[in-house]
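Subject: Structure for your files

Hello,

Here is the structure I said I would pass on. My notes follow below it.

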Amino acid sequence: MHYARNAWYVAGWTQDFLAEKPFAITILEKPLVIWRTKGGTLHALEDRCVHRMAPLSLGRCEGEKLRCMYHGLLFNTDGKVVEIPGQELIPANARVKNYAVVERHSWVWVWMGEAEHADPSLIPPAVGLDDPDYILGHGQIDYAAEARLINDNLLDFSHLTYVHANSFQSGPEFAQIPPRIIPLDRGVRVQRWITGQPGSGMRATEEPVDTWQCYDFLIPGVLLMWSGQYPVGTAEKLEHGPPAMEDAISGLNFTSQAVTPMAGKTARYFFSWGPHCRHGDESKRDAMMQLAAMAFDEDKVMIEAQQRVIDQSPDARIMPTSHDRSVTLFNRLVKKLAAQDEEKATHQAA
Amino acid sequence: MHYARNAWYVAGWTQDFLAEKPFAITILEKPLVIWRTKGGTLHALEDRCVHRMAPLSLGRCEGEKLRCMYHGLLFNTDGKVVEIPGQELIPANARVKNYAVVERHSWVWVWMGEAEHADPSLIPPAVGLDDPDYILGHGQIDYAAEARLINDNLLDFSHLTYVHANSFQSGPEFAQIPPRIIPLDRGVRVQRWITGQPGSGMRATEEPVDTWQCYDFLIPGVLLMWSGQYPVGTAEKLEHGPPAMEDAISGLNFTSQAVTPMAGKTARYFFSWGPHCRHGDESKRDAMMQLAAMAFDEDKVMIEAQQRVIDQSPDARIMPTSHDRSVTLFNRLVKKLAAQDEEKATHQAA
Amino acid sequence: MHYARNAWYVAGWTQDFLAEKPFAITILEKPLVIWRTKGGTLHALEDRCVHRMAPLSLGRCEGEKLRCMYHGLLFNTDGKVVEIPGQELIPANARVKNYAVVERHSWVWVWMGEAEHADPSLIPPAVGLDDPDYILGHGQIDYAAEARLINDNLLDFSHLTYVHANSFQSGPEFAQIPPRIIPLDRGVRVQRWITGQPGSGMRATEEPVDTWQCYDFLIPGVLLMWSGQYPVGTAEKLEHGPPAMEDAISGLNFTSQAVTPMAGKTARYFFSWGPHCRHGDESKRDAMMQLAAMAFDEDKVMIEAQQRVIDQSPDARIMPTSHDRSVTLFNRLVKKLAAQDEEKATHQAA
C-alpha cells in the first residue's frame with residue numbers, strides 16, 4: 001500500500017462513536033481501537049494488547065482508560081500499560097502505539113503518522129451534517145477494492161457520461177470537455193462549466209442554464225464539491241472562471257466524500273450530500289440521497305470488477321488518457337508524500 | 001496450469017450468447033469478453049480495458065464495436081481502440097488481445113492461442129443439439145477443481161464400477177476388463193465391448209446383449225462417445241472390433257462433453273446426451289438427463305474432494321495403475337502440445 | 001505448526017464413530033480417515049488413495065478393509081493396498097501411512113507419530129461419560145484459530161476474571177492471586193484455593209467456603225480438572241496443600257477438555273463437565289452445560305479475534321506476564337517434544 005501516513009483519515013461518523021463502546025477499524029492495514037469516554041473525549045490506540053495480542057476493541061472503558069478484557073491489562077490513553085493484574089512491575093516497553101484523533105465536520109479523523117506530528121490544520125474543510133447552510137443526508141459503503149481505485153474514480157468525472165448515464169443522466173459533455181485542473185498544495189482542484197443546457201436528471205430546469213461544478217480532491221482522499229446553476233451567459237462573462245456561490249439562481253448543493261484505505265484491498269467510502277437551504281429542503285435532500293445510492297452502487301460494481309481484473313492481470317499496465325491529468329497529479333502527490341513519510345521514519349529509526 | 005493454448009475451448013452454449021449482451025468467462029486464467037452483434041456474429045477480446053483495466057464485459061455493444069463503460073474507450077473487434085473520449089490521438093499500443101471464436105455443434109469455441117493461427121479444422125466433431133439424428137438434453141456444471149482432474153476421470157471409465165454403482169448401476173466389468181486404447185493425433189480412442197449381459201439400469205434389456213461403447217477424448221478436453229446394443233455374439237464375430245453404428249438393435253445414443261479450465265482451480269463442464277431418434281424419444285432423453293444429473297454429481301463430489309486432498313498433500317505423488325494408460329497417453333500429449341506452444345511463443349517474442 | 005507428533009490427539013467422541021461409516025478429520029494438517037468395523041474395532045489411515053489422491057473417507061468398508069470408491073483400490077488396516085482392480089501386480093510402495101488409534105474415556109485417540117511407537121500408557125486419564133462417579137454433559141466447538149491459543153487460554157485462568165465475568169461470575173481473585181504451578185513430566189499442574197468466600201454463580205453457597213481447584217494440563221492439550229468446596233479454614237489447615245477429594249462438602253465436579261490442532265489455523269475443542277454423583281444430579285449437570293456453552297463462547301470470541309490480530313501483526317511480539325508461568329512451561333515442553341520428534345524422524349530417514 002502506498003499512501004501518505006502523515007495525514008488525517010476518516011474513521012467514521014461522530015455519532016457512531018458511542019460513549020464507552022470501543023470501536024474497531026483497520027486503516028492503512030493497522031488495526032485501531034477508538035473509544036469515547038463518558039466525558040465525550042475520543043482516544044485511539046493500536047488495537048492489540050502487548051501481552052498476547054488480544055484486540056483492545058473487545059475491552060472495557062474505565063474512566064479515561066481502556067482495559068483489555070482477556071487478562072486485564074489496563075491501558076492509558078497514550079498507549080502505556082498502567083496495570084498488570086497479579087504483577088507489580090510494569091516493563092518499560094509495555095505500550096502500544098497511540099494515534100491522534102480529532103472530531104470535526106461530523107467525522108472522526110485519525111492521523112496515521114506519529115501522534116506528536118499530528119497537525120489539525122491539515123484536516124480538509126468538509127461540511128458537517130450540522131452546518132446551518134446545508135440540508136445534508138449521509139451514508140457509507142464498504143468496498144472490496146483498493147482505496148486508490150476509488151480515488152481515481154473521483155478524480156476523473158469523465159466516467160459520469162458512461163457509468164452514471166442512468167442515475168445522474170450525465171450527457172457527453174463530461175467525457176468530451178476537459179475540466180480545468182489546478183494543482184493544490186495537498187490535492188487537486190477540478191472546475192467545469194456546462195453551458196447553455198437545461199439541468200439534467202433531478203436538477204432539471206425548464207430553461208437552459210450555465211452549471212458550475214467545482215471540487216477539491218485532497219490528501220488523503222477527500223472530495224469537497226459544490227455546484228450551482230447560473231443564468232446562461234455567466235460562464236462566458238466570467239471567462240469560464242469561478243462564479244460567486246451566492247449568485248447561483250438554483251441547484252446550489254454541497255457534497256463531502258472521504259475514501260479510507262482499510263486492510264489490503266478493502267476501503268470504506270463516506271459521503272454526505274444535499275442542497276443549500278435556500279435551494280432545497282428535506283425532500284430534495286432525500287431525492288438526492290436516493291440518486292446517490294443508485295450512482296454509488298454503479299461505481300461500486302465497476303470498481304470492484306476493475307479490482308478483480310487487476311488481480312487477474314499481474315503483467316498488464318494502465319494507459320493514461322488526457323482525462324487522467326488530475327488522477328496523475330494526485331497520485332504523484334501521494335507518492336511524494338509517502339516517500340517523505342518513509343524517509344522520515346527511516347531517520348527516526350536511525 | 002499446463003494446457004495447450006493452440007486449441008479450441010468451449011466457452012458456452014450458443015443460445016447463452018444473446019445479441020449485444022457481453023458475456024464474461026475466464027479460460028486458462030485469461031478473462032475474456034465474448035459478444036454477439038445484432039447481426040449475429042461473435043467476437044472475443046481480452047476482458048480488460050487498456051486504460052485502467054475495467055472489464056469490457058461491463059461494456060456496451062455499438063454495432064460491431066464494444067465500448068468500455070468506465071471512461072468510454074471504444075474497441076474494434078480486433079482489440080484496437082478506435083475512440084478515446086476527450087482525446088484526439090490514439091496510441092499505437094492501445095489494444096488488447098483478440099481471440100478467434102467459432103460457433104459450431106451448439107457450442108461457442110475460443111482459440112486460446114494467437115488468433116491468426118486459429119485452425120477451425122481442429123474443432124472436435126461434437127454432435128450439436130440440432131442434429132436431426134439425436135434427441136439431446138444438455139447441461140453444465142462448475143467445478144471447484146482443476147480441469148485436468150475431470151479429464152482424468154473421463155479418460156478412465158473403471159471408476160464407473162465404484163463412483164457410479166448407484167446411478168449407472170455399472171457392474172464390475174468396467175474395473176476388471178481393460179478397454180482397447182488407440183492413440184490419436186489429437187487424443188485417445190477408448191473402445192470396449194461388454195458381452196452377453198443384459199443392459200444395465202435404464203438401458204436394461206430382457207435378453208442379454210453385446211454392448212459397444214466407444215469414445216474419442218480429444219484436445220483440449222472433449223469427449224465424444226456413442227454406444228449401442230447388439231445381438232449376443234456380435235463382439236466375437238467382429239473379433240472385438242468396432243461394429244457398424246446402423247446395426248445396433250437398441251440403446252444407440254451419443255454424448256458430447258467438454259471440460260474448460262477457467263481460473264486457478266476451477267473448471268466448467270459442458271455435456272449433452274440422448275438417444276438416437278430411432279432408439280428413443282423425448283421421455284427417454286429426459287430419463288437419461290436425470291441419470292446424468294445424479295452421476296455427474298457423484299463425479300463432482302469425488303473430484304472436488306480429490307482436489308482438496310491434493311491441496312493438503314504437497315509432497316504426495318500419484319501411483320498410476322494399468323487403467324491409467326489412456327490418462328497417461330492424453331496427459332503426455334497435453335504436455336507435448338503445451339511445450340510446443342511455449343516454444344512457439346518464445347520464438348515469436350525473440 | 002509446532003506440536004508434539006508422538007502424542008495422543010482426540011479425534012472425536014466414541015459414539016460418533018458409527019460402524020462402517022468412515023470418519024474424516026484433519027489432525028496436525030494430516031487428513032485422516034478413521035473407521036469402525038462391524039465388529040467394533042477402529043482403524044486409522046492417511047486419508048489419501050495412493051493412486052490419484054481421492055480421499056479414502058469417501059470409501060466403502062469391506063470387513064476389516066477399506067475400499068477407495070474412485071477406482072476401487074482396497075486397503076488393509078496397515079495401509080497396504082491389497083487389491084487393484086484390473087491389475088495383478090501390486091507395487092511394494094502401494095501403501096499409505098497407518099495410525100494407531102485407541103478408544104478410551106469416551107474419546108477416540110490417534111497417535112500422530114509412527115504407529116509402532118504408540119504408547120497407550122501416555123493417554124491422559126480423562127473421565128469418560130460412562131464413569132459411575134460423575135454425571136457428565138459434553139460438547140465440542142470448532143475454532144478458526146490455532147490450537148496453541150486455546151491451550152494458552154486454558155493454562156492461565158486469570159482470564160476468568162475478565163472473559164468470564166458474566167458467565168462464571170468469577171471474582172478478582174483469579175487475576176490477583178497466582179495459583180501454585182507444578183511442572184509434570186508431560187504437562188503442568190495448576191492448583192488454587194479460594195478461601196472464605198461464598199461459592200460464585202451457579203455454585204453459590206449461603207455460607208463462605210474454601211474452594212479448591214486443581215487441574216493437570218497434559219500433552220498434547222488435555223485439561224483434567226476437579227474442584228470442590230470445603231469448610232472455611234481447610235486451606236489454612238492444609239497449608240494451602242491439596243485436600244482429599246472425599247472431604248468436599250459440596251460442589252465436587254470434574255471436567256475433561258481436549259484441544260486438537262486440525263488444519264492450519266483451525267482447531268477442535270472437546271469438553272465434558274458435570275457434578276460428582278453425590279454433589280449433584282442431571283439438572284445440575286444441565287445447568288453446568290448451559291453455563292459452559294456461554295463461557296466457551298466468550299472464549300471463542302476472544303481467541304478468534306486474537307488470531308485475527310496476530311495475522312494482521314506479523315512483526316508484533318508477545319510480552320509474557322507473571323501469570324504466564326504455566327503457559328511458558330507448557331509451551332517450552334511442547335517445543336522440546338516437537339524437537340525430539342523431528343530429531344527422531346531425521347534419524348529414521350537417515
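Helix H6 of chain A (residues 325-349) lies across strands S12, S13 and S14 of chain A and runs at about 165° to S13(A). Please keep in mind that this is a predicted model.

The sheet under discussion is open and has seven strands in chain A, in the order S11-S17-S16-S15-S14-S13-S12, with antiparallel pairing. S11 (137-143) and S12 (180-184) of chain A stand at the edges with a single partner strand each, so each has one side left without a neighbour in the sheet. From one strand to the next the twist averages 15°. Within the sheet, S13 (residues 187-197) and S14 (residues 209-218) of chain A run antiparallel and are joined by nine bridges. One pairing to look at is Arg192(A), whose bridge partner in S14(A) is Gln213(A).

Another helix of chain A also lies across strands of this chain: H5 (residues 282-312) lies across S11 and S17 (267-275), and runs at about 10° to S11(A).

H6(A) also meets helix H1 of chain A (residues 147-155); their axes come within 8 Å and cross at roughly 135°. Angles over 145 degrees would count as roughly antiparallel and those from 65 to 115 as roughly perpendicular, so H1(A) and H6(A) are oblique to each other. The crossing of H1(A) past H6(A) is right-handed. On the H1(A) side the contact is made by Asn151(A), Asp152(A) and Leu155(A), and on the H6(A) side by Ser326(A), Val327(A) and Phe330(A). By class, this contact has three nonpolar, two polar and one charged residues.

Now the chains. Two copies of a chain are related by a rotation about an axis and a shift along it. Chain A is superposed on chain C by a rotation of 120° with 0.0 Å of shift along the axis, at an RMSD of 0.0 Å. That is the relation of a three-fold axis. Which residue of chain A comes closest to the rotation axis? Gly264(A) does, with its C-alpha at 12 Å.

The contact between chains A and C takes 21 residues from chain A and 23 residues from chain C. On the side of chain A that touches chain C, the residues divide into 13 nonpolar, five polar and three charged. Between chains C and B, the contact takes 21 residues from chain C and 22 residues from chain B. The side of chain C that touches chain B divides into 13 nonpolar, five polar and three charged residues.

Regards

How values were computed. Residues are numbered from 1 along each chain as its sequence is written. Chains are lettered from A and ligands numbered from 1 in the order in which they are written. This is a predicted model: local features need pLDDT of at least 70, side-chain atom pairs count only at pLDDT 80 or more; totals for chains, interfaces and linings use all residues. Two residues are in contact if their C-beta atoms, placed from the backbone, lie within 7 Å. Ala, Val, Leu, Ile, Met, Phe, Trp, Tyr, Cys and Pro count as nonpolar, Asp, Glu, Lys and Arg as charged, and the others, Gly among them, as polar. Copies are superposed by least squares on the C-alpha atoms of residues with pLDDT of at least 70 in both. Two strands pair if DSSP finds at least two bridges between them. Helices (H or I, at least four residues) and strands (E, at least two) are DSSP runs, numbered from the N terminus. Axes are lines fitted to C-alpha atoms, for helices over the stretch in contact, and angles run from 0 to 180 degrees between N-to-C directions. Angles under 35 degrees count as roughly parallel, over 145 as roughly antiparallel, 65 to 115 as roughly perpendicular and the rest as oblique. A crossing is left-handed if the near helix is turned anticlockwise from the far one by less than a right angle, and right-handed if clockwise.
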